Amino acid sequence: MKFTDRLFEAVHPIWEQTHMHPFVTGIGDGTLPKESFICYMKQDYVFLIDYAKLFAMGTVKAKSLETMTAFAGILHETLHHEMELHRQYAERFQITREELENTKATPTNLAYTRYMLSAAHSGSLEELISALLPCMWSYWEIGKHLKHRYPNSEIHPFYGEWIRMYSSEEFGSLTKWLLDLLDDLTEGKSERELRILEDHFLTTSRFEYMFWDMVYAGEEWKV
Ligand SMILES: Cc1ncc(CN)c(N)n1
């Protein structure tokens, strides 16, 4: 069994709940209040700044020029394509780039990015990938799921663009590349090593769920 098949089985209960989360279904059926989406977009923008750094770290830890180049490509995609989607959404609400960039990360957002950056700093390339994989994989799954469950969601005048991006072939092929890389890198690894990777993967999968919950509830610092 490929390691990512094992991860897919392990994460299934978390993804089931994610697909049913009211923030996610609200994007799908178009009922999510715009204020909630604005809160998400701002939090996600600062999340993506740290997330992009993981790909930069991937280039440093890569064991071949090919892998290094691919990480650099995803870094570029994130900064220029994925984050551009957020900048365009922000523009619709007259939110400036400066305001977007200066968004203060909520406790959950901060805990999530610190966890990934710490795993990436102190761990192997496999640890870095396992920690960031849910970001790409779960979004791709959500994009495909929404497109399938809500047939007109792709053409929704507001949320359609978001769904098209995360269900796209391009996003899917980057995710598949990362999955294949992790399968290659984990071949022959001991059960002890695999368990550490699985633990990173499940922890950040839980953080992904908590991120939806955080923006839905409008989490703020208490003091
Ligand atoms: C929180 C979060 N996780 C993942 C993604 C997809 N890159 C995202 N935009 N935001």
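## Helices H3 and H6

The axes of H3 and helix H6 (residues 107-122) cross at roughly 0° and come within 10 Å; axes are lines fitted to C-alpha atoms, for helices over the stretch in contact, and angles run from 0 to 180 degrees between N-to-C directions. H3 is therefore roughly parallel to H6 (angles under 35 degrees count as roughly parallel, over 145 as roughly antiparallel, 65 to 115 as roughly perpendicular and the rest as oblique). This is a predicted model, in which local features need pLDDT of at least 70, side-chain atom pairs count only at pLDDT 80 or more, and totals for chains, interfaces and linings use all residues. Residues are numbered from 1 along each chain as its sequence is written. Helices (H or I, at least four residues) and strands (E, at least two) are DSSP runs, numbered from the N terminus.

From H3, the contact includes Phe-47, Tyr-51 and Leu-54, and from H6 it includes Met-116 and Leu-117 (contact: C-beta atoms, placed from the backbone, within 7 Å). The residues of this contact comprise eight nonpolar, three polar and two charged. Ala, Val, Leu, Ile, Met, Phe, Trp, Tyr, Cys and Pro count as nonpolar, Asp, Glu, Lys and Arg as charged, and the others, Gly among them, as polar.

## Kink in H3

A kink of about 25° in H3 is centred on Leu-48 (the angle between axes fitted to the seven residues ending there and the seven starting there).

## Helices H2 and H10

Helix H2 (residues 22-29) packs against H10 at an angle of about 75°. The two are therefore roughly perpendicular to each other.

Technical notes
Two residues are in contact if their C-beta atoms, placed from the backbone, lie within 7 Å.
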